[in-house]
Structure formats: C-alpha cells, structure tokens
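Me: I would like to go through this structure step by step. Could you show it first?

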Amino acid sequence: MAELLDMQSIGKRFGNVTALENGQLALEKGEVHALLGVNGAGKSTMIKILSGVYGQDSGEIRLNGEIISLRSPKQAKEHGIYCVYQEVDTAIVAELTVAENILMDSFAAGGSLLLSKQKINKQAKEALVQLQSEEISVTRKAGTLTLAEKQLVLIARALVHSAKIIIFDEPTAPLSLTESDKLFSVIQKLSSEGVGCVFISHRLPEVFEISDRITVMREGKWVNTFVTAESDSEGIIEAMLGEALSHELEYQPHPTGDNVLEVRRLSDSGKLKDISFSVKAGEIVGVVGLVGAGKTELAKALFGAANSVSGSVEIAGKQTRIKHPEDAIRAGMALIPEERRKEGLFVHETLRANASFPNLRKFSTKLFMNKTAENKFAEDIIDKLKIKTGDTETPLVHLSGGNQQKVAIGKWMSLDSLLYLFDEPTKGVDIGAKVDIFKLIRELAGSGKGCLYFSSEIHEAIGISDRILVMCDGQIVKELSRQEATQERILLYASGGKEELNQTEKLSERERSSISV
Amino acid sequence: MKENAVQFLFKYGAIILLIAIILYFSSISDAFFSYGNFSDILRSISIVTLLALGVTFTLVVDGFDLSVGSTMSLSTVVTASLMVWYDMPLWLVLLLPLLIGVAVGLVNSFLITVIGIPDLLATLSMMYIVAGLHRTYTEGYSIYNNMPLTSGGTAPGQLSEAFLWIGQGQMLGLPVPVWIMVVMVLAAYVILNHTRWGRILYMTGGNAEAATLSGVNVKRVKTSAYIISGVFASMAGILFTARVGSGQIDAGAPLLMEAVAAVFVGYSVLGAGKPNALGTFFGAAVIGILLNGLTIQNLPYYAFDIIKGAVLVAALAVTYVYAKNKFAKT
C-alpha cells in the first residue's frame, strides 16, 4: 500500500490555548484509520485542519508525497478530501432533492448555468448504486430522509468527486445498530476501492471492527499508532488516558432496601404505553433501548416535565402527584437530563451559581443569598467529583463536556435526593470523566440512593446496572437481572425481537467483572 | 493583545466615556459643572430611569417589554384624570395607576407565557393597544386643572399641592424625584444581585429549560417580571404628571427608546455583560449628561434623537462584540 496522506508535526494555537502541539496522521491508500482520543485531545482540530476549516500554524501536510496547502474547505475538496460531519443537517439542504444535494458542490463550483435535471439524477443514482443504497430515491426532498440516509447522501457527494480521502467524524453516534452496520459495509467498500478513510468514534468495539490502524492522541499530541489486529482495547485505553483505569470498576454486590420508586401503568399522550416498574433504595436500574425507544420521554414523564401523563407513581411508599419538576424535586427526585447544555446547565453562568441553583433556599438566609455557603458547596463538589476548573467563578462554557456533566450531576448533591435519574450521562463524555461518573453513580447507590440509568450504550448499562429494563417503542419489553443481561439479548429485545427458550440457558451463565468503556 | 483591549474597553469603556463627556463639557461651559446643574440632570433622568428599571427586569428573564412607554402614558393621564375629573383622595390617585401597571403586566405575560407569542411581538402589540387606550380615554386631549369638559362645564378638581410635591419638591437638598429614583435603583439592585428572587430571575433568563428542570416555575417568574415592569412604568407616569403639573398625552412614547438605550449601556458597566440595575442607572446618567451638555451647547432638540440612537448603537456594538469574543469556541 502506498502512503496517501502524511500529516507531520502539526501545530495549532487559538489565542493562548494550544490545541495541537504535535499532530501526526499517516493514511495509506484503501486504509480505514481510526483517530482516537478523549475530548480535548485534538482530534477535531486535526480533522478541521485536514478538511481546510483551519490552517495549521506549523507542520506540513503531504498528499501522495507532495506538500499541499489547505487553506479553505474548497481547496481541500479540490485535493479530494471530504468530510462527513457528525451534524449532517448542517451540510444538507432540506428543501433540495437528494440528487441536488449530492451534486451540490459542482453547482457551487460554477460551470454551466443551466442544469439538466435528468443528468443530475443519473449521476446521483450512480453514486448511490456504488454505495449499495439505490433504495434512496434521488428525487425525494432531502429533509424527509433519516439521519443515516443523510449520511449516505454526504458520502455520495464525496464519491461523485472521486474523493481520495473521506473523514467520518463520529458517524455512528446518532445511528441505530443496523444503520451502523450498513455504514460499515459502505466504508469497507470505499476502502476496497482505494479511498482512504479517517474514522472517529467514542465507541471502541466498532473501532476494532472497522479499522486497519488506530492513531491515539492525547493533549494535542500524537501518542502512538497501532495496527488494529495486533492491539487490544486495554492498550488503546491506556494510551488514551495515560494510565489504565478500566480495572477500577469491579462490580461489587451491595445491599438494597425498600422501594423508593414504584410506577404503575404510566402512559403519556405520545410515546409511552403502560409502563410499570420499581426501583429499590441502593439499586441501579438500567433502562436500555435504541435511540427513539422512549427513554428520555420516560425520564421526563417521571420528573413532571411532560404533558398529560397518566398512571400512578409512588415515592418511598407515598402516592405522589407530579405535575411539574418542582413537585418531583420536592418528592426527592433529581434528573440529569440528556441535553446537558440545553436542559441541565446554565452554561454562561458560573459554576457556583449552577451548583446552588436547585436548592437556593439552603444557600440563602431569609431572602438574601449567602455567597460564602454557595462557594463552599461549589468547592465541595469540585473536590468530590474531581471537576477540572479554574475556580468556582468560572463560567461553564470554559469547561469540557465531561466536567460540565459532573456539574450537572453535582448540583443535585445539596438536596440529598432519594432517586437519581441519569439520562445518557456518558453522552459526549471522554473516558476519563466516564470512569469518574460511573464511580459516582456506584457511590450514590452505595449510600442508599435509588438510581435509574437511561442509556443506549448497552455495554455501559450492563456494566453499571444491578437490573436492566429493556425498552422498545415506548414500552418495557423485558426485565433482565445482572446475570441474565448480555449485549446480544438486550439488543434482541430492544429491536423488538423475542428469543427462543433453549437460547436462554446458554446465555445465562455469563460473567462480567468490569465495564468496558 | 487585541482580546485584552476588548476586555478593557468592555469593562471600563462606559465609565471612561462618562468621564470624558463630563470633562469635555466642563471645559467649554462654566454652567455645566455645578451642583445645581447636576441636581437638574438627576431630576431629568429620574423618570427614564424608572422606566428603564422595568425594562431591565424583563430583559433579565430574557424577555423585552416594549409597552412601558405606552403604560407610562396611560398612567400619566389616569393619574391626572383621577384628580381633575373625579377629585379623588391622594392614596387612590397613587394606587389606581399602579394597579393599571399590574394589569398591563398580566396581559403581557398572558400573551407570552400562555398563548406563546414571542416577547417582542406581544409587547409591541400591547404598546399600540395601550397607547390607543390612553388616547381614547382622554379623547385626545391633555388633562389640566379645571379644564373645560366635552360634556360642558369645567372639571371639578385640581392637582393637589401634596401631589405636586412628589414631582417638584425638594428634600435634604435634592429634588424628591431623585430620592425616589435612588431608592428604586437600590431596591432593584439588592433584589437582582443579592436575593434568591434575583437569582431565579437571572437563571430563568439564562436558560428557561434548565430552570424548569431545576424546579422553577418559569411562567410564574416571567409573569412577575412583566408585572414589575408595568409597575415601574406606572410609577414613571405618576412622577411625570407630578413633575409637569398636568396629564400630557403621549408622555411615555419618546422615552421608550431612551430607556432601552440606558439598559443596554448598562450591560457594559464594569463588565457585567447582562442587564443590571446599577448599570441601567449609569446608562440613564450617561444619556442625561450628554443631552444636558448638548443643550448648553445649543444643539437643537430635534437633533437629540440622533444622539440617543447613536448611544444605543454604540452600547449594542460593545455588548455584542464582547459576547462574540467571550463565548467564542476556544
């Protein structure tokens, strides 16, 4: 295989912040190369330099041995470098047809003023056939496509221009499993045709499935490049974190108490249908399902943030009517919502103000705020949750995703709630912070709190939960104990399947000792 | 280097500007830098400051009350009419206009939180409706002592001395309206910056969804902000009547943009970056001093709007340039 791309000692600074100090990435023709690192390691800066969004301050980029300069996305595209961004919607024009979207760059480039619809449709069709996706009609409006289909349209756009390099920036994050599999087969096909693919993901299992080599970055620097076939996940995680943390999460059985939550026949006007379950004190209950199964809706319905919810909810044995989050908090619940920047935090406010907010009465005398008490509490949670921040007055925008999430959890600590609802708490969080969050959830359960852990990351849920409820299409379709839960079985139920009896026994004897992150 | 300059300008720019303006006018006019003139300036900004405090509260909750000018106009003529037309006792004369402010605030917040009209559009509509109400109420005439009535005869009442004292009297060496303004600014400052209520108002404005999920009843908070805004506008109207000694129609309309400008100048005082009571007072002072100095310079009054507009643009430019820098992706 020939060296297609070589990025050497790339450096990039933003003001006083050094985003990249020594970025390296080498890509061979037809290779799938995974780029890994915790948040803030410099991955996105690397790919933004490669796709021409930023110019590098130092270092050189060679394509087929020649030094090239990529000062704009247009130049990158002229060199055959295309990027499929995570937020596909920003790159798709919803009002145009699929074909027009696929061939958009060639309109933008100029050329003939008159467009032949037929010709466009034909070219677009050819590109989709190459991706084995001819079932997407080229005359449909792009706005009506699913996320996965939109990704394919973006890939087709790259193909039309005979791309040499395609960058996939966390492409599987919003996809269901079958959609991910489809995407992988497309990536494999592209690489077999000689296209170099750069693949970024937070999910290690799929990195091992798809990539030929893995480059790990840490703190803006290249750490190592591994050949996938010769490496294991522990080695990679160690390279990403600088130390092995994965062993710290041994499962320990712990005692559970009475029910803190008992839900009977809960429904809402939309997604949720007839949901009943309970959570005991000291128990971590995982609620697992694919994206769109209704997990977030359930969390919000329990917390009083949804409309027209019917059914009964008992908290600590008391029948409770929850019509507003205010009631839920008073009854002893805490919600760590999925969209933390949008729903969980006040990102432009200081850490101190965020931390004290759910329980302002505790931090005020009569009507007046007591800033000393607020500061003390903020410092407490910084210590306890190992939040990396300047001080208690730092606005949260300056914190990384993982540290923001810790604040979103920590702010509930002043209330001493009975029941914590975690909605996808590890979403967009790097491995280091993930481990801290898992430990924290374990600690909460250890101190007798009930925890509901809503997640579509099945392996994480298996690692943390004492018991797992599988959701599919707004209903709880199966309850599995820790011993019964395996990735395969959960997936089967989550995607609406049923298992045959003899399979059950075969799968029931599985042991797990740690969370695979 | 460039970032530091922006930081510095944002933090101290407004204060430096104020000092520069004072120095400039003092150097060209002897009448400018005197106790009498400054007490005049403070009195002249007291009404706008009250109006601007109301706008501040609505901006804090991420709303925007454009109806304050009209509410002030309505309160002005109602206050005058209660005395002139109906000869009512002073306590009622002071109370009823405030209740009108509460009512306007309630309607505003109903449109915004219950029906779901965006703040700017809802209060813009209310601005017209309330302005129309106050003109209809007076049939287009201003209200003054013993005015002739359309139904024949003259009005029975007069604006009382005690009432006029509110707008024209002196107390401890300063005009009464200045005292009212100082008390209200301090009260608003303490409430917004040092109490639980203020925290809830600011956090709701920062992220309504997160506030809801932290247990705040956002609708109730927004409603209270609009009621406060209406009450401040009514107070401004009462003060205006007492100051002028009659119920002028359309008294509040020209003050709306001045109040808005004061609030936005206030954003940048000492780098607050958000609406705040002391900043609002400071903003009103900057505009007041500027206009006073220009009057001494014989600038024609019809050119004042150019100055007010320019101050607003400058304040907005500083605020938005700063926000772009501060919250840019690092």
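Me: What should I know before reading residue names?

Reply: This is a predicted model, in which local features need pLDDT of at least 70 and side-chain atom pairs count only at pLDDT 80 or more, while totals for chains, interfaces and linings use all residues. Residues are numbered from 1 along each chain as its sequence is written, and chains are lettered from A and ligands numbered from 1 in the order in which they are written.

Me: What is the average pLDDT of chain A?

Reply: Chain A averages 82, where pLDDT is the predictor's confidence in each residue, from 0 to 100. A score of at least 70 is reached by 91% of the residues. Over residues 501-517 of chain A, however, pLDDT stays under 50.

Me: How many helices and strands does chain A have?

Reply: Chain A has 19 helices and 22 strands. These are DSSP runs numbered from the N terminus: helices are H or I with at least four residues, and strands are E with at least two.

Me: Now strand β3 of chain A. Is it enclosed or open?

Reply: Strand β3 (residues 32-36) of chain A is largely enclosed by the rest of the structure, because five of its five residues are buried. A residue is buried if 20 or more other C-beta atoms lie within 10 Å of its own, exposed if 12 or fewer, and partly exposed in between, with C-beta atoms placed from the backbone. On one side of β3(A) are A:Val32, A:Ala34 and A:Leu36, and on the other A:His33 and A:Leu35.

Me: Which strands pair with β3(A)?

Reply: One is β8 (residues 196-200) of chain A, parallel over four bridges, with A:Phe199 opposite A:Ala34. Another is β9 (residues 213-218) of chain A, also parallel over four bridges, and there A:His33 faces A:Arg213. Two strands pair if DSSP finds at least two bridges between them.

Me: And which residues does A:Ile441 touch?

Reply: Not counting residues up to four places away in sequence, A:Ile441 touches A:Ile284, A:Phe422, A:Cys451, A:Tyr453 and A:Ile464. Contact means that the C-beta atoms, placed from the backbone, lie within 7 Å.

Me: How many residues of each chain take part in the contact between A and B?

Reply: Chain B gives 19 residues and chain A gives 27. On the side of chain B that touches chain A, the largest share, six residues, comes from α8(B).

Definitions and conventions: Two residues are in contact if their C-beta atoms, placed from the backbone, lie within 7 Å.
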